[in-house]
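Here is a short briefing to read alongside the model. Please keep the sequence and the 3D view open as you go.

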Amino acid sequence: MNSYRQRSLNPAIRNGAQMRTQVDVEPFKIIVLLLLHIGLAYLMRTLTIVATVHGWAVLLVGVWIALTAKDERKVIPVVAYITGAEVLWRMTDAGVLWEFGKYATAAIMIISLLRRKKGLKNAALPILFILLFLPSIILTIDAFGLTEMTRELISFNLSGPLATGIYLLYFLQLEMDDQLVSKTVWNAVYPIIGILFLAFYSTVTATEIEFGSESVFRTSGGYGPNQVSAVLGLGALLLIMLSIQAGKRKGRLLGFFLALGLITQSFLTFSRGGIYNFVIALGGALLILALKGTRSFRGLMIVLIFALIVMFVVIPQIEQLTGGAFSARFTDMDLASREDLALADLNLFIKNPLIGIGPGMASFQRSFSQIIANHTEFTRILAEHGSLGALALLILVYYLIRAFFKAPGVFAKAWVVAFAFWAMVEMAHAAMRIVAIPLMLGLAVVTWKKDGEPSINH
């Protein structure tokens, strides 16, 4: 009797029991939220008003958390959710701005920063990063005046870099631990599963799909395959990285099979960018894990099993479904004019080395017969912002390298590499169309908790 009372009164035992209960409940809660987002995505596609209300409601919740949360880290899962939902809003014609994801997350973080009682640390370079993009705006204004065209060019081309600067400033103030990583990943994945559902539903209900040498809108839910493929691949990357660390089998299996679904649908979009992002980012993370040998053996085995299933089950089925078009598409190394665009941008940089030619102006000043938007963010920055843009890129690279060497352990370093590689590859072939790039760069530079390797329990 006494021993029973001692056990029941022992705080450590009570806390341990509560933790086990919480961990056991967590997979069920995640599954429920995943199912809810599948239903929500269907409603958003059916009723545009639902998509619009969802977008503004998420912003209001984010602002409320930024205004009231005592722990500023609670903002991170919110901006992750907005990141996952951005393409979902676009593909369901939500009544929000095109760059809503970037502006919404930036506003939420700025509000949180303004409430910060502690002084900002490492603030000089992120602020300089933002300022370096501003002088060339005068060149776009000079070309088109204070018109709607000028506003659209500046918004489209500068929203990504400016959001990146705010993400850098915000995330450099914070410390990431294993629980926050897990919550952030799942918050991003919930709306991405909605995107997966819409793309899958569009695929299976199609009477006929023509697979050829181009991306396929039908298998992308009727929206841009590049963005859909990128976000699906990002969801798969985050879940595989989480599965590598997950301490519970249920958590690993759930993330593993969701990642398989996401990467399969990404293949079916016939947009290669999302797959390239996934493979390069995960490959970089695996290289870091391999350096630790036996400590990361489980993670390496998970990825090996994933790769074997994709190679010997998923790909053969897709190859058969597409009548051989799949292998032709994904072995074609044609850059779809991206190389020509990048070279033209570099030529503009050489001719205008100081502050470039102004945001959005490269599309008009190239020697091509048609106006084509930029695909490579690095060369766009050089062409349109000159040496100031080059300095901004150097600041970004400095922070990424610094973050890698500051990361306290092999798993933290693997996360940094996965975040950074995904963002940089996406920037290389799809500019900064989506807010996922600033988020990944922000997560890459965050400070990681130093008390041991993370052991995520979800």
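A polar contact here is a pair of N or O atoms within 3.5 Å; within protein, one must be able to donate a hydrogen and the other to accept it, and residues adjacent in sequence count only if both atoms are side-chain atoms. This is a predicted model, in which local features need pLDDT of at least 70, side-chain atom pairs count only at pLDDT 80 or more, and totals for chains, interfaces and linings use all residues. Residues are numbered from 1 along each chain as its sequence is written, and side-chain values use heavy atoms, with hydrogens and water left out.

**Overall picture**
- The protein has 19 helices and two strands (DSSP runs numbered from the N terminus: helices are H or I with at least four residues, strands E with at least two).
- Of its 458 residues, 55% count as buried (under 20% relative accessible area; exposed is over 50% and partly exposed in between, with a 1.4 Å probe and protein chains only).

**Around T140**
- T140 sits in helix α7, residues 137–144, and counts as buried because its relative accessibility is 0%.
- A polar atom of the T140 side chain lies 2.9 Å from the backbone oxygen of P359.
- Beyond neighbours within four places in sequence, T140 is in contact (heavy atoms within 4.5 Å) with residues including G358, P359 and M361.

**Around F200**
- F200 belongs to helix α9 and counts as partly exposed because its relative accessibility is 46%.
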